[in-house]
Amino acid sequence: DILESAKECRDFLEDEDGYTVKVFTETFKNIKEIDGIISENLSSGWTISRISKVALAVLRLAIYEIKFMDEIPAAVSIDEAVELCKTYTSTDDASFVNGVLGTVVRKEK
């Protein structure tokens with residue numbers, strides 16, 4: 001429903017390569033695994049429920065790219081996630097997202 005509503009409101013979802021739709025649907029399909037990765041990489045005392053909704057969405061997107069899209073370098077996903085947070089949330093969220101994603105990538109190696 002969210003995707004269909006967004007398609008009605010925004011032309012960008014009609015991108016030629018289907019990236020937006022692919023990432024949206026595949027992130028949603030893998031949400032439990034992605035949220036598990038986020039939870040495993042939070043500092044003690046933190047839970048997903050404490051993360052702002054925008055920062056959580058950005059984390060989910062970046063982790064999907066890192067985990068499932070080999071054609072996108074992890075550093076690019078992290079940089080884009082940090083820039084999204086700087087634009088749509090706060091510097092604190094950007095630093096938090098950077099830290100979580102950095103931990104995820106280090107553990108993956």
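Visitor: In what order do the elements of the chain run from the N terminus on?
Guide: They run α-α-α-α-α-α. That is six helices and zero strands. Helices (H or I, at least four residues) and strands (E, at least two) are DSSP runs, numbered from the N terminus. This is a predicted model: local features need pLDDT of at least 70, side-chain atom pairs count only at pLDDT 80 or more, and totals for chains, interfaces and linings use all residues. Residues are numbered from 1 along each chain as its sequence is written, and side-chain values use heavy atoms, with hydrogens and water left out.

Visitor: What share of the chain do buried residues make up?
Guide: Buried residues are 35% of the 109. Buried means under 20% relative accessible area, exposed over 50%, partly exposed in between (1.4 Å probe, protein chains only).

Visitor: How many residues has the largest nonpolar core?
Guide: It has 28. Such a core is a set of buried Ala, Val, Leu, Ile, Met, Phe, Trp, Tyr and Cys residues joined through side-chain atoms within 4.5 Å. Ile-38, Ile-51, Leu-59, Val-97 and Leu-101 have the most contacts inside it. Two or more residues each come from α3 (31-40), α4 (53-68), α5 (74-88) and α6 (91-108). The largest share, eight residues, is from α4.

Visitor: And Leu-101, what is it in contact with?
Guide: Leaving aside neighbours within four places in sequence, Leu-101 meets Leu-59, Ala-62, Ile-63, Ile-66, Ile-78 and Ala-81. Contact means heavy atoms within 4.5 Å.

Visitor: Ala-55 next. Buried or exposed?
Guide: Buried, with a relative accessible area of 0%. Ala-55 is in helix α4. Not counting residues up to four places away in sequence, Ala-55 touches Cys-85, Thr-89, Asp-93 and Val-97.

Visitor: How far apart are Ala-55 and Lys-86?
Guide: In sequence, 31 residues; in space, 10.0 Å, C-alpha to C-alpha.

Visitor: Helix packing now. At what angle do α3 and α4 pack?
Guide: About 105 degrees, with their axes 10 Å apart. Axes are lines fitted to C-alpha atoms, for helices over the stretch in contact, and angles run from 0 to 180 degrees between N-to-C directions. So α3 and α4 are roughly perpendicular. Angles under 35 degrees count as roughly parallel, over 145 as roughly antiparallel, 65 to 115 as roughly perpendicular and the rest as oblique.

Visitor: What about α2 and α4, how do they cross?
Guide: At roughly 95 degrees, and the axes come within 10 Å. Helix α2 covers residues 19-29. This pair is therefore roughly perpendicular. Tyr-19, Lys-22, Val-23, Glu-26 and Thr-27 of α2 make the contact with Arg-60, Leu-61, Tyr-64 and Glu-65 of α4.

Visitor: Where is Asp-35?
Guide: In helix α3. Asp-35 counts as buried, at 17% relative accessibility. Beyond neighbours within four places in sequence, Asp-35 is in contact with Ile-48 and Arg-60.

Visitor: Rings, then. How many aromatic pairs?
Guide: Two. Rings of Phe, Tyr and Trp (its six-membered ring) pair if their centres lie within 6.5 Å; planes under 30 degrees apart count as stacked, over 60 as edge-to-face and the rest as tilted. Tyr-64 and Phe-68 are a stacked pair, 5.3 Å centre to centre with 25 degrees between the planes. They sit four residues apart in helix α4, so about one helical turn separates them. Tyr-64 is buried at 3% relative accessibility, while Phe-68 is partly exposed at 32%.

Visitor: Which residue lies over the face of Trp-46?
Guide: Arg-50, at 4.0 Å from the ring centre. The rule: NZ of Lys or CZ of Arg within 6 Å of the ring centre and within 35 degrees of the ring normal.
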